[in-house]
Amino acid sequence: MANDKHNQNDNPQKPEESGEGIVDISPSELSSADQELNELLGTVDSELRGLSEPESDAPVEVHESELKPADAAEPEQKPAPKQEPAAAPQPEKQPQQPSGKKQKQQKKKQSAQPAAPAKAPAEAPKDDVDALIEGMAADLHMDDAASGLRRETPAEQPAADPEKKGSALDSVKSKLKGVSGKKDGKSDEVYDPNEDYIFFRPRRKKRRRPRKKSRKLSCALVLLTLVISSGVVLAVAVLTVAMEIYGINKDFNERVVTIPQGASTSAIAEQLKKEDMIELPWFFRLISRMNEKDGSYIAGEHVLSPSMSYQAMIEELCVNHAEEREYMTVTIPEGKNLLEAAEILEKNEICDADDFLFYFNAGGFGFNFEKYLPEANAMKFQQREGYCFPDTYEFYIDEDPQIVAQKIYANFDSKLTAGEYAKMEELGMTLDEVITLASIVQAEAANEKEMRMIAGIFHNRLINRAVFDKLQSDPTKKYAEEVIHPNLPVRNEMMEDAYNTYVGPGLPPGAIGNPGKAAIEAVLYPQESSYYYFYANIDTKVTYYAETYEQHLANIERVRQEQAAAAAAAEGN
């Protein structure tokens, strides 16, 4: 059985020859390796034959691990001599005949396939062993086509040197190692040093790289991309300019723009940009020149909206509204509260008082000082009390109340400088606190000379709140009782107490009037002193100052005596 399998494995399928992977092994070395394998197979066969005739009928199992491969044997150790196994006692009529089978095996070794092992007795249970031996023979004895060598016939084989029997296989192995890694056109031959065979690993076909696109096509695509990108950018730019010059998606709120006397077109364009009316001054100048409007602009106040087109703005700035509409000069005195200012406007037929209060308290016109204002406070009676700057204004009759509010906002915004905002930060006060304290100083001081001293006294009381937790200002009490109380539909006692500095601590929630520039400067630059009290004689306009409460009481008594003497003198006359 083993001999037949070996003959079938001697002619494996021949791989495609490519001129590479041929092993340079001499016939003598191959013959020595072949002879050593034959002797090893004979030894294994003899051992198996001895196991094939056990004393009992039970089959003898041989584990594959007991069979030592040929390359595991030491090079100098000679194969063990053939020994017949001890025969079991047999009847005299059936003598053993091992010699006949051995002679047949020797004859078969002399045939064209000398590497075939002897056929094992049919009755021996060694199917697994036969498969192991056949695999070893098939792996080592490659045919001529697989190994690239011509095998010599037994007659041509030289006698093996006993001293080189052990090293024949090692010599073949060392030369086979050089074959590892050599590649032909279709497969890789790899020699595994732990195994006595060469296997052919199929190679993966290399993927062909896609051909590069022609340079002309690449240039055309790049050029096309640049053209499309340029077109998109140009379209966006044109659309942006068109939306700007026609006022699309811009604020609809109207604003007052005051054009100075003799202003040029360039100066007007820059002013409009500064007031956030336009974004492209150069385009405004271009349209003005194309329409021949340069030098035709009218100085004074004009009502414009960012949503107007550049053309409409130019036309509006060239109209003299003073000739078309009647205007009125209105003065808002210092110290007047916001309700009184609204009444003055309504009395002069400028606008409705309630409409003015609505727009003025709403604000949101985008002026610089509005950035410093706090959020709406529910405890405030009028949200923008104190910011109706006292001054003389010119308004058109039946003016839009929103335009009137913007004009007053613009005037207030122009009165405060960057240095004054910096001084507020230095004092640790907000704009709303400065205006609130200035409204109190405006109401308390008899004249501008005493404003700085009175402002300094209020600063001293605010700094020493542990001793003077209340400002105790009479004008604040009057504002709570005479302004807030009668003008609320429902009485708010908490708001009244907050404004009354005899009840509420510190500054009130908001201003009690609209202070002038002198009062604001007095709060920012107060006169330093050690006074904490003052009392004024409203008849003589003289104010007396004190450091202690006892001195303050004495000053009050002094003023009362002065007033009594003045009254007696008046009666005597």
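Over the face of which residue does Arg-461 lie? Arg-461 lies over the face of Tyr-533, at 5.3 Å from the ring centre. A charge counts as over a ring if NZ of Lys or CZ of Arg is within 6 Å of the ring centre and within 35 degrees of the ring normal. This is a predicted model, in which local features need pLDDT of at least 70, side-chain atom pairs count only at pLDDT 80 or more, and totals for chains, interfaces and linings use all residues. Residues are numbered from 1 along each chain as its sequence is written, and side-chain values use heavy atoms, with hydrogens and water left out.

**Overall**
- The protein holds 20 helices and 8 strands; these are DSSP runs (helices H or I, at least four residues; strands E, at least two), numbered from the N terminus.
- Of the 573 residues, 38% are buried (under 20% relative accessible area, with exposed over 50% and partly exposed in between; 1.4 Å probe, protein chains only).
- Take the contacts between residues at least 6 apart in sequence: 67% join residues at least 24 apart. Contact means heavy atoms within 4.5 Å.

**Aromatic pairs**
- The structure has 22 aromatic pairs. Rings of Phe, Tyr and Trp (its six-membered ring) pair if their centres lie within 6.5 Å; planes under 30 degrees apart are stacked, over 60 edge-to-face, the rest tilted.
- Phe-360 and Tyr-409 pair edge-to-face, at 4.9 Å centre to centre and 80 degrees between the planes.
- Phe-360 is in helix H12 (residues 353–362) and Tyr-409 in helix H13 (residues 401–415), so the pair ties together parts 49 residues apart in sequence.
- Phe-360 counts as buried, at 0% relative accessibility. Tyr-409 is buried too, at 0%.
- Ring pairs link both into a cluster, whose members include Phe-356, Phe-365 and Phe-412.

**Lys-380**
- Lys-380 sits in the loop between H12 and strand S6 (392–396).
- At 8% relative accessibility, Lys-380 counts as buried.
- Its side chain makes a polar contact with the side chain of Asp-432 (2.9 Å). Such a contact is a pair of N or O atoms within 3.5 Å; within protein, one must be able to donate a hydrogen and the other to accept it, and residues adjacent in sequence count only if both atoms are side-chain atoms.
- Beyond neighbours within four places in sequence, Lys-380 is in contact with residues including Tyr-499 and Pro-509.

**Helix H20**
- The buried residues of H20 are His-552, Asn-555, Ile-556 and Val-559.
- Their cover includes strand S7 (533–537) and strand S8 (542–546).
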